[in-house]
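Please look through the sequence and the structure shown below before reading the notes that follow. The briefing takes the ligand, the strands, the chains and the record annotations in turn.

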Amino acid sequence: MVTIETILGHTGEHLVLLLTTLFVSICISLPLAFASLYSKRVGYVIMKFANLAQAVPSFAVVAIVVPLIGIGFYPALIAILLRALLPIIKNTYIGLSTVNASMLDYADGIGLNKWQILRYIRLPNAYPAIFAGIKFASILINSIAILTAYIGSGGLGELIFDGLVGFNNEKILAGAIPAILIALTLDVIFTAMEKKLVPDYRK
Amino acid sequence: MPSKRIFDRIDSIQLRGVTKKYEGRFAINDLTLDIEGGEMLILIGPSGSGKTTTLRMINRLIEPDSGTIHINGQDIIELEQVSLRRNIGYVIQNIGLFPHMTIAENIGLVAKLEGWDKEKISERVKYLLDFVSLPSEMFMNRYPHQLSGGQQQRVGLARALVMDPPLLLMDEPFGALDPILRKQLQEEFCIIREKLGKTIIFVTHDIEEAFKLADRIGIMDDAKLVQIGTAEELIFHPANDMVASIVDTGKKFKHLDTLRIRDLMTPLDNKYVHAASLAVDEAIDSMLAKDIELAVVSNGNEPVGIVRLPDLMRLGETSDTIGDHAVSVPSFASDELLEPSLKDLHEKGHSIAFVTDNGRISGFLFPNDVFRQLV
Amino acid sequence: MLLSDLMNVWEANSLTTRTIEHLTMFSIAIVIASIIGVSLGIYLYSRPGIAHPVLNFLNVVETIPDIPLLVLLLPIFGLGEEPTIVASILYSLLPITRNTYTGLKEVDQQYVDIAHAMGLSQRDILFRVRIPLSLPMIAGGLRIALVFTMGVVTLGGLIAAGGLGAALIAGIQLYEVGTILVAGIWTGLLAVILDGFAGSIEKKLQRRYGTW
Ligand SMILES: Nc1ncnc2c1ncn2[C@@H]1O[C@H](COP(=O)(O)OP(=O)(O)OP(=O)(O)O)[C@@H](O)[C@H]1O
Ligand SMILES: [Mg+2]
């Protein structure tokens, strides 16, 4: 018998891990992407690395963290970060760097400085891509945060793994269904926010 | 599967009361037009006047809202679309060679779909490539992006000719080419046309091109055919001011004896000039990049002759410079009188000459082109 | 770490067998997903009316986190390789189908137009113009699917499907640092190599079939 309290408790743990990681990954990714904009070399290296690392299965990343940092909430957070940074950095960088050249010329022409160009030209142009990156990352985080229960992060994954070990279907569902609902909710929320925040000036 | 050969030759094409509207606006308004078998009809007129729409109704890429089109007395609406189109060649300005097929595959595609055997296709492709002055062994296996714009346009023509269609529709085929290249292709096309003996409907924006190539010229404006006739008829009896102003730009050469070379020369862009010391393969790359088929070889400021792209390509692996292969051509000052120079060129059988200003080359004179404009 | 240590860890965990299991599940999933995905993409292209609902549905499937999807398949397929392969296919369908559909739809109109003018039938236009010109796009979708599948197959270890995931689990449970590192790095490396290989094929196709 799985009580509502148990489910809520695990859901709470899951959400704390999810939101903390999302917040931290946004805080790290955006400045990194901005920085890489000002050096072609750094940008190139970051993009190459992001592309390579994105192919690495999450489970491999989670596993490798164990001997390096141990188990528990923070190792889990770091393992998730390693995967979640990439899509945000990548999308932000692409969004910021694929600005119409004539627009940049024009901005130069009317005397905007680098900061102003970033603020008024590059950033608005990159909003849709940045948003897509954050949305993708949040869904990825939700998914890995279940896996990290295997290395002691707690949360909904714990219910699922306990259920698997004890052949307890009720427990499995008690973990799986909230996780799916969270994923769908994230998708809906971000899609709605996207519609609202990103002006529809492109077509 | 092979489609039916619908017609071996064109006796007549009749458009009767053809109308096409887009969003309530006429693209073609009640067009009646008779085209004779074997003629070259050129349609000319302002942008949006309905030229392309007219062409595309003949091969049924567009279906008219009302009116009929008959070819050899047969209503084309009753013909099967695919076989109708395989009997009509279509050439357009942006060519549309398939980027994933080699030149040979592009040209041979419809023949393959018709079930021809490999040898027959390859023979036909070779014949057509040579016909449009592209050495077949060199071009068959290339991809379109490896060709210059002019070469692609030739392939586009060869592709349209593969089933030997008796009717050709050409929509501004030379419109995107640089003026000198356009003149070259027009000249070649004149010769090709004689050999082809096909009925051709051709759209252009260039009245000189029309005068040079057309048997008859149809002037279109605002979805209507305003006037149709030979160049003389249009020049001497323009139906209205619009026609007069269109043909006027083409007939500035009334007194041959007073014309100077500069009046009829084709001005030259700097991109044509290449140093004699340039290696052959570098010159080929440069000419492909600049989309030219003819280059002026110069020694410092002194023009020593010309080289042609196909000739250079035919050389194959070589360490020669283009100076080694420059063909010398006659040269005239731009203020010389035209007539004696033309006579001179004609007698010696030259098809191109330099025009110089104070010893510096400023353009080309194409005597054949000039002749055609004069008569 | 010495080479002999590495060999010991490799042998002790029978990583050769694990790798073969891993790649077998991976290949089966990718082959089936490509066949279904490409056919579905072509079908949706011919039925634009249902394209949106189907793609939206696949989008929802895509949103479902991987472990919950795997465990939901357990009652139907039992433990082991089957649910792992099925989940991989489900995740791979969206990128492959979507890219096939978009690729076919967004072929440059000028090529379609000239193909019509040359007298190609609808069928010839699909098979000789649209599909070849969409190959780079389809390959892009396949490459995404490859990465997803690699991830899911690794998770398969959690539901007794074997593969490299099983080695990772053994390492974590027994806390064998060597096993975790060797199996983890090898899994990552394998994925990166396969992705790089797919990437080079994608580039080749782009060069061959891309528009210039
Ligand atoms: N598919 C379409 N939808 C809406 N309007 C169209 C379409 N095709 C053509 N038109 C309109 O029909 C008119 C005739 O077009 P058409 O392409 O025949 O002109 P044209 O004489 O070939 O012009 P140009 O010299 O620019 O090629 C134009 O006003 C054009 O905007
Ligand atoms: Mg037109």
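Which element gives the largest share of the shell around ligand 1? That share, 3 residues, comes from α1(B), where helices (H or I, at least four residues) and strands (E, at least two) are DSSP runs numbered from the N terminus. This is a predicted model, in which local features need pLDDT of at least 70 and side-chain atom pairs count only at pLDDT 80 or more, while totals for chains, interfaces and linings use all residues. Residues are numbered from 1 along each chain as its sequence is written, chains are lettered from A and ligands numbered from 1 in the order in which they are written, and side-chain values use heavy atoms, with hydrogens and water left out.

**Around ligand 1**

- There are 13 residues around ligand 1, and those that come nearest are Ser47(B), Gly48(B), Lys51(B), Thr52(B) and Thr53(B); a residue is near a molecule if one of its heavy atoms lies within 4 Å of it.
- By class, this shell holds 3 nonpolar, 7 polar and 3 charged residues, where Ala, Val, Leu, Ile, Met, Phe, Trp, Tyr, Cys and Pro count as nonpolar, Asp, Glu, Lys and Arg as charged, and the others, Gly among them, as polar.
- Oxygen atoms of ligand 1 lie 2.5 Å from a side-chain N or O atom of Ser47(B), 2.7 Å from a polar side-chain atom of Lys51(B) and 2.6 Å from a side-chain N or O atom of Thr52(B).
- Taken alone, ligand 1 exposes 630 Å², of which the protein buries 65%; accessible areas come from the Shrake-Rupley method with a 1.4 Å probe.
- Two or more residues of the shell around ligand 1 are given by each of β2 (25-36) and α1 (51-58) of chain B.

**Strands of chain B**

- Strands β16 (residues 353-357) and β17 (residues 360-365) of chain B pair in the antiparallel sense over 5 bridges, and Arg360(B) in β17(B) is the bridge partner of Asp357(B).
- Strands β13 (residues 294-299) and β14 (residues 302-308) of chain B run antiparallel and are joined by 6 bridges, with Ser298(B) opposite Pro303(B) in β14(B).
- The hairpin formed by β13(B) and β14(B) has 2 residues between the strands, and Gly300(B) in the turn has a positive phi of about 65°.

**Chains and record annotations**

- Of the 2 pairs of chains in contact (heavy atoms within 4.5 Å), chains A and C share the most contacts, whereas chains A and B do not touch, their nearest C-alpha atoms being 21 Å apart.
- An unreviewed UniProt entry gives "domain: ABC transporter" for residues 13-247 of chain B, a span that is 40% helix and 27% strand; such annotations may be inferred rather than shown by experiment.
- UniProt, again in an unreviewed entry, places "transmembrane region" at residues 23-45, 144-172 and 178-198 of chain C, and residues 178-198 of chain C are 100% helix, with end C-alpha atoms 30 Å apart.

Key: A polar contact is a pair of N or O atoms within 3.5 Å; within protein, one must be able to donate a hydrogen and the other to accept it, and residues adjacent in sequence count only if both atoms are side-chain atoms. Two strands pair if DSSP finds at least two bridges between them.
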